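Visitor: I've got a model to look through and could use a guide. Can we walk through it together, starting with the sheet?

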Amino acid sequence: MSGVPAPLRILVVEDNPGDIFLLKEFLRATDLAIESIFEASRLTEALTLLAAESIDLVFLDLSLTDSFGLDSYIGLSQQVQHLPVVLLTGLTDTNIALQALAMGAQDYLIKGDFDEKLLSRAIRYSMERKRNLEYLRESESRYRELFNSNPMPMWVFDFSTLRFLEANDAAIHHYGYSNEEFLSKTLADIRLHGDLGQLRREVDTMRLDGEVTQKGLLEHVLKNGDIIFVEVAWHKINYKSAPAILVLANDVTERILLENELNEQRMTRQRQITEAVIVAQEKERTEIGKELHDNVNQILGASNLYINTAMTDEDLRQELLGRSTELISKAINEIRKISKSLITPGLREIGLLESIEDITEDMKLARGTNIRLDINIIEEEVEERRKLTLFRIVQEQLNNIMKHAKATEVMIRLSIEGSDIVLTVVDNGVGFDVSRHRKGVGITNIISRVELFKGKVELQSKPGEGCVLSVRVPLE
């Protein structure tokens, strides 16, 4: 798309370091040539940078420490009239963003709801729209050239009747009409649920408000009945000595559909995570109930029988009470094991290494499995939430190995490679076909935990060849 200089010099006005980091990463991942990315956490800093540097595009957060909402855009607008401005908003700021669009901003992006493709498209479209809006403010002598050669749909309609007076080739082609058909219609014919009375009121409002008005997001209808989303800008002109309105339309249907697709993917993933959590909770409750019923309950039942017998049999009383004491101690140990598996380990007090050693000792005693540990990390470099995630992954995978793998050898390696924490759990068990094996609750929980930190999970296994679980989690 034309109108994008190379390389770009971009100013990011944002006071959240995390949001700045993500935006810069996405910017570098686009196909755009970027020379410099300037940062400002306050509006005053942004104004200083704009005065000192040559900037091509501005990303503006609407919630700054020294400015909020529309005031942020208004405070910046005097120095960015010639620059495209893309607003960065939260879900609760969209109404303010739309007001800022009406005041001259080019686009807005909802934080967390875009990727490098959507970001690249927003930059290209914003710079293209800004370039065209600047042309609209130029002299009437350049109007004809701009109108006919513009790649975006443009038309002129009458102030009073709303009938189309002229349309460029892009509009004719985009809406699917012939020139004669297009000029026989009014603005209400292409506006979804078009109301002539409402449109006339909008025109009357523009008559009082100013030369240029951006109408925000509208729905238009093509000749074939398809509905498209467009952003339009109106500009008052004199057309053949009569008042008229020149319209520039930008089809953003692809962007809207992409945003909806990203939102649907996010919602689908959230549903999967919620389902996995619920299934895991039900599985955990079932296991606890089974353990209490089949093990602890039987032990306590036998102990109760010994005590009842001892009450009536003086000769065997001491022996029976001794056996009962042993069974009660055994029940206490079993309950302690169940509690230990449920309670979040005190990683801050005893450390990740010792916590992992505790659960491996239990497996060694229960199954006689030989477990080797190769842990080469400095725990102080890893924050607590990541430690807990790594512990739970080890715990989950060891449970999977105990239940399904029939392994005699297990190796757990934990190290730091570059900017990532790498966990590898290898066993020599029966293995399985990864391509045919449906992901169970255990591996689903592992993947969900890792994705919270934007990490990666890789599972390698073949029948008879054991299993290798590799987890990579960013340190920051």
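**Strands, helices and a ring pair**

Visitor: In which sense do β4 and β5 pair, and over how many bridges?
Guide: Keep in mind that this is a predicted model. Strand β4 covers residues 85-89, and T89 stands opposite I110 in β5. The pairing of β4 with β5 is parallel, over four bridges.

Visitor: What is the strand order of the open sheet?
Guide: Five strands make up this open sheet, with parallel pairing. Neighbouring strands are turned against each other by 20° on average, ignoring direction. The order reads β2-β1-β3-β4-β5.

Visitor: Which strands stand at the edges of that sheet?
Guide: Look for strands with a single partner, because one side of each is then left without a neighbour in the sheet. That picks out β2 (34-40) and β5 (107-110).

Visitor: Which helix lies across β4 and β5, and at about what angle does the helix run to β5?
Guide: Helix α3 (residues 70-77) lies across β3 (57-61) and β4, running at about 150° to β3. The one across β4 and β5 is made of residues 94-103. That's helix α4, at about 165° to β5.

Visitor: Are α2 and α3 roughly parallel or roughly antiparallel?
Guide: Helix α2 spans residues 43-52, and its axis comes within 10 Å of that of α3, crossing at roughly 25°. Angles under 35 degrees count as roughly parallel. So α2 and α3 are roughly parallel.

Visitor: How many residues of the contact of α3 with α4 are charged?
Guide: On the α3 side you have L70, Y73 and I74, and on the α4 side I96, Q99, A100 and M103. Six of these residues are nonpolar and one is polar.

Visitor: How far apart in sequence are the parts that the pair of W155 and F182 ties together?
Guide: A search of the whole structure turns up eight aromatic pairs. W155 and F182 form a tilted one, at 5.9 Å centre to centre with 55° between the planes. W155 lies in strand β6 (residues 154-158) and F182 in helix α8 (residues 179-183), so the pair ties together parts that are 27 residues apart.

Visitor: Which residue in β15 is the bridge partner of T424?
Guide: Strand β13 (residues 420-427) runs antiparallel to strand β15 (residues 467-474), and eight bridges join them. In β15, the partner of T424 is S470.

Visitor: Which residue takes a positive phi in the hairpin of β14 and β15?
Guide: Strand β14 (residues 456-461) pairs with β15 in the antiparallel sense over six bridges, and Q460 has V468 as its bridge partner in β15. The hairpin has five residues between the strands. The residue with a positive phi, near 80°, is G464.

Conventions
Residues are numbered from 1 along each chain as its sequence is written. This is a predicted model: local features need pLDDT of at least 70, side-chain atom pairs count only at pLDDT 80 or more; totals for chains, interfaces and linings use all residues. Side-chain values use heavy atoms; hydrogens and water are left out. Two strands pair if DSSP finds at least two bridges between them. Helices (H or I, at least four residues) and strands (E, at least two) are DSSP runs, numbered from the N terminus. Axes are lines fitted to C-alpha atoms, for helices over the stretch in contact, and angles run from 0 to 180 degrees between N-to-C directions. Contact means heavy atoms within 4.5 Å. Angles under 35 degrees count as roughly parallel, over 145 as roughly antiparallel, 65 to 115 as roughly perpendicular and the rest as oblique. Rings of Phe, Tyr and Trp (its six-membered ring) pair if their centres lie within 6.5 Å; planes under 30 degrees apart count as stacked, over 60 as edge-to-face and the rest as tilted. Ala, Val, Leu, Ile, Met, Phe, Trp, Tyr, Cys and Pro count as nonpolar, Asp, Glu, Lys and Arg as charged, and the others, Gly among them, as polar.
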